[in-house]
Amino acid sequence: MTPRSAATSRVKPDSATSNGGPERQRLVYLATAISALGGMLFGYDIGVISGAILFIKTEFALSSSAEEVVVSAVLLGSLVGAIAGGMIADRLGRRKLSIVTAAVFGVGAIGAALAPGTGWLIAARLLAGTAIGVASFVAPLYISEIAPVAIRGKLVSVNQVALTSGIVISYLVDYAFAGAQAWRWMFALAVIPAAAFGIGLMFIPDSPRWLVGRGRVDEARAVLKRIRSPDQAERELKEIQSGAAQQKGRWSELLSPTLRPAMIVGVGLAIAQQITGINTVIYYAPTIFKFAGLSSASGAILASVGVGVINVAFTLVAMQLIDKVGRRPLLLVSLAGMALGLIVLGLAFALPQLSGSLGWIAVGSLMVYVGAFAVGLGPVFWLMLSEIYPLRIRGRAMSVGTVANWAANLVVALSFLTLTQVLGKPATFWLYGAVTLGSWVFAYLLVPETKGKTLEQIEAHWRDGKPARDL
Ligand code: BGC
């Protein structure tokens, strides 16, 4: 038997997704769904401001710089949450940290809804941002640690589906309350998923991997027996224990030569996910459509909802494919499609003779771009981040990738409009296109395939000092 087939056959018993029995499987699905409410709140909270800000601006008489601060407060908060969350996830555990996060989401929502003035509103949005920063990586982390290996990609991607749905729901809520100018309700409604998230978390188990890492082996066994067949539970427990899980992780380890390839992949993908421009589209879709001549208000709202729906739909496609074709093919197709969308979008702006159909070409190429993001780079980044790090340091390592992601997000959000003024619109989209092609090369050369590997097999691969692509 070759080493590869030995590894595959070792995975096999776990990989049957149903032989834990329907009840055990249901618990895994329930835990995934509850955890993904964190992703939904992430999406809702970043999306809701786009409609709310129109009314806040008038009510609080915001200057344009004050408006920018109100809008970007969540991004700053997310950075703080991502920095602080990693160590807490490793110490306190994924589930308890999520319970605290649910409470912070709730307080942030009520705080924003009741804000008497700008300072209060900014503070509430910073707070909500902190929760977003934590939820963005703890939800994938937890799901990845409870999922059976054969459907780990699918289950972690449920979080990205929830996230993208959260964005669409926020647009629809904004639309529904816009007539009454009821921006406070737009924020307040997030209390419902926040409460469901917090209450739901009380009923799902801790991550068995985290428990082993804390030396709580009996509790880990008990959890595994609730989510796997008895045989599988013992086998998986042994495998987790064999991963030297109980050694204490140290921050300095993140820079060690053994972990360097994993850090490069995680941070590289984190930056690639943002500097290829996805959030300029999420935040500025109406502005981009306006550049292209679709200027009516209802057209702009429809455009945003359309972009959001494509994002959800193609994430669902990714979810079906990710454990079958693997992470790498989806990522490479995704980046190629995004580059194509961006190049055509740039062309649409560069060729004045296209002006009549310019609007439609812009819409079409944006849709191609968003669909391509959703089928690969969107879900694959968060999935891989949750897969590639060793247990003893997983929370902290993920938080580094998450910080890189939010920092890159902030840089892109703050520079997009300036870039369109300095370089012009075509060159701005071509610049994103070039960056996307560069990201394709990065992914092609350095990103490993994690499909079908247990988290412990991935961990052992780094320990053996092998290059990422050989996984
Ligand atoms: C990204 C977010 C983005 C969202 C859009 C996520 O994977 O991290 O920055 O807004 O996808 O779908």
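Reply: Let's settle one word before we dig in: contact, or touching, means heavy atoms within 4.5 Å. This is a predicted model, where local features need pLDDT of at least 70 and side-chain atom pairs count only at pLDDT 80 or more, while totals for chains, interfaces and linings use all residues. Residues are numbered from 1 along each chain as its sequence is written, and side-chain values use heavy atoms, with hydrogens and water left out.

The side chain to start with is E145. Setting aside residues up to four places away in sequence, E145 touches R94, S207, P208, R209, W210, L391, R394 and L455. E145 counts as buried because its relative accessibility is 0% (buried is under 20% relative accessible area, exposed over 50%, partly exposed in between, with a 1.4 Å probe and protein chains only). Have a look at R394 in that list: its side chain and that of E145 are joined by a polar contact of 2.5 Å (a pair of N or O atoms within 3.5 Å; within protein, one must be able to donate a hydrogen and the other to accept it, and residues adjacent in sequence count only if both atoms are side-chain atoms).

Both partners lead us to helices. E145 lies in helix 6 (helices, H or I with at least four residues, are DSSP runs numbered from the N terminus). R394 takes us to helix 19, which covers residues 394–422. Its 29 residues reach 41 Å from first C-alpha to last, close to the 42 Å expected at 1.5 Å a residue (1.5 Å times one less than the number of residues). Even so, helix 19 has a kink of about 40° centred on S415 (the angle between axes fitted to the seven residues ending there and the seven starting there). Just past the helix, G424 takes a positive phi of about 90°.

Back to helix 6 and what else it does. The largest nonpolar core has 135 residues, and L121, W183, F187 and L269 touch the most other members (such a core is a set of buried Ala, Val, Leu, Ile, Met, Phe, Trp, Tyr and Cys residues joined through side-chain atoms within 4.5 Å). Helix 6, residues 118–146, gives the most to this core, with 13 residues.

F187 shows how the packing looks up close. Not counting residues up to four places away in sequence, F187 touches V48, I49, A52, I56, A109, A112, A113, L121 and R125. Follow I56 from there: it's found in helix 3, residues 49–59, and is buried because its relative accessible area is 0%. Beyond its neighbours within four places, I56 is in contact with A61, L62, L121, W183 and F187.

One more stop is S98, in helix 5, residues 94–114. S98 is buried, with a relative accessible area of 8%. Apart from neighbours within four places in sequence, S98 is in contact with V138, F197 and L201.

Finally, the ligand. Of the 14 residues around it, Q160, Q273, Q274, N279 and N311 come nearest (near means a heavy atom within 4 Å). A polar side-chain atom of Q273 lies 2.8 Å from a ligand oxygen. The side chain of N311 also puts an N or O atom 2.8 Å from a ligand oxygen, and for W382 that distance is 3.0 Å.

Key:
Helices (H or I, at least four residues) and strands (E, at least two) are DSSP runs, numbered from the N terminus.
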